[in-house]
Amino acid sequence: MRSHNPVHSVLPVFRLATKLIFIRVCAWSETPGIPPRPSMSMRGLALIALLFVEAGASSCGSPAKGTAELRITADEYGYHMPDSVPAGLVHITLRNVGRDIHEALLVRFTDTIGTAAAYADSVRAHVDFPSNAEDVGGAGLTLPGDSSGVWIQLAAGRYAVVCWKGDHLVRGMAHDLRVVVSDEGRRDPPRATRQLTLMDFAFALDTPFTAGRHVLHVRNIGSEVHEGDIFKATPTAGLREYLAWIDAGDPGLPPVTPVGGFGDLHPGKEAWVDLDLKPGRYFIVCQVPAKADKRPHYQHGMVTEFSIDAPPGERGAMRAGEDHGT
Ligand SMILES: [Cu+2]
């Protein structure tokens with residue numbers, strides 16, 4: 001996301017105006033095929049029931065039980081959102097009601113004076129990584145009319161929600177958020193079906209994906225900020241065409257279909273992303289600029305491709321339906 005910064009980018013052609021993410025995020029407990037955690041106690045269920053009342057419904061029309069819900073609406077160029085959210089596991093939903101693509105990344109201030117306005121001033125001064133802020137993930141770039149979401153654990157403190165697309169941040173897409181101490185929030189993470197580890201400079205998926213819904217647990221064990229966007233290839237475009245589109249200045253919409261992402265994660269941070277994957281070809285790209293040479297991480301090898309086969313009886317149908325995109 002940092003290479004979204006149009007002022008400071010060393011290689012403008014690799015700017016990330018490209019990260020259109022429309023993740024369908026639902027509560028893990030609502031995900032078909034994913035059984036409830038066997039360790040769920042009655043006390044836990046009671047807590048979830050209580051929090052359900054407080055948290056309301058998620059973007060999926062079904063509640064993220066027990067998970068605090070942070071709903072963010074974006075347009076040109078700002079956010080409409082609450083000023084605070086309880087600490088704990090937070091489900092962030094970004095709804096884009098604007099005409100351009102937007103994202104909602106969270107940065108946590110490590111001092112006691114950080115503000116969204118000061119953060120934006122730092123970016124105006126060409127500081128890509130203000131020293132008093134760390135990236136904790138968030139909702140990736142979202143198409144107009146779409147929603148996206150992700151879960152992250154938020155400790156109490158001062159945060160800003162920012163959009164690194166183009167010059168959106170300095171145009172006003174930086175909003176203060178206070179995460180307040182709370183004993184009520186859920187803290188146990190969603191039950192993950194896959195693990196994605198971020199390293200310098202590679203993605204490591206623990207088990208190949210199968211078709212269907214997944215909760216992807218992402219951890220950054222590297223020393224640099226990393227991100228990941230997952231794209232589904234079309235019959236005519238894949239990784240190569242996507243990178244060529246970036247090289248061309250990412251005009252209009254990308255030639256491939258974004259299916260999920262989780263924003264920038266500082267070393268040690270984690271996030272959980274719900275995915276609904278269909279048979280096809282996919283790839284994951286990290287476009288964060290490297291510390292040493294500012295080249296995007298994918299040029300250092302931080303890109304991976306994978307395929308999901310259709311069940312044997314459906315392969316003919318899959319080929320016939322491939323042109324329908326997602
Ligand atoms: Cu990376």
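Mentor: Two strands are said to pair if DSSP finds at least two bridges between them. In this predicted model, Gly 280 stands opposite Ile 308 in strand 17.

Trainee: What makes strand 16 and strand 17 a pair?

Mentor: Strand 16, residues 280-285, is joined to strand 17 over six bridges in the antiparallel sense.

Trainee: Why is strand 6 called an edge strand?

Mentor: The sheet in question is open and mixed, with five strands in the order 3-9-8-5-6. Strand 6 and strand 3 (84-86) each have a single partner strand, so one side of each is left without a neighbour in the sheet. From one strand to the next, the twist averages 25 degrees.

Trainee: What makes strand 6 largely enclosed by the rest of the structure?

Mentor: A residue is buried if 20 or more other C-beta atoms lie within 10 Å of its own. Nine of the ten residues of strand 6 are buried, so the strand is largely enclosed by the rest of the structure. Helix 2 lies across strand 6, as well as strand 5, strand 8 (157-162) and strand 9 (174-180), and runs at about 135 degrees to strand 9.

Trainee: Why is Ser 131 called exposed?

Mentor: Ser 131 has 9, so it is classed as exposed. Ser 131 lies in the loop between helix 2 (116-124) and strand 6 (133-142). Ser 131 and Thr 110 are 21 residues apart in sequence, and their C-alpha atoms are 8.5 Å apart in space.

Trainee: Which residues touch the most other members of the largest nonpolar core?

Mentor: Ala 104 and Val 162 do, in a core of 69 residues. Leaving aside residues up to four places away in sequence, Ala 104 touches Ile 72, Ala 74, Tyr 79, Ile 92, Leu 94, Gly 138, Ala 139, Val 161 and Cys 163. In soluble globular proteins, nonpolar side chains tend to be buried together.

Trainee: How much of the protein chain is buried?

Mentor: Buried residues make up 47% of its 326 residues. The chain holds four helices and 17 strands. Of its contacts with a separation of 6 or more, 72% are between residues 24 or more positions apart.

Trainee: Where does pLDDT stay under 50?

Mentor: Residues 4-64 stay under 50, and the model has 140 contacts beyond four places in sequence for them. Residues 320-326 also stay under 50, with six such contacts. The mean pLDDT of the chain is 78, and 75% of its residues reach 70 or more.

Definitions and conventions
Residues numbered from 1 in each chain as written. Predicted model: local features only at pLDDT ≥ 70, side-chain atom pairs only at ≥ 80, totals over all residues. Helix = DSSP H or I, 4+ residues; strand = E, 2+ residues; numbered from the N terminus. Buried ≥ 20, exposed ≤ 12 C-beta atoms within 10 Å, placed from the backbone. Axes fitted to C-alpha atoms, helices over the stretch in contact; angles between N-to-C directions. Contact = placed C-beta atoms within 7 Å. Core = buried A, V, L, I, M, F, W, Y, C linked by C-beta atoms within 7 Å. pLDDT = per-residue confidence, 0-100.
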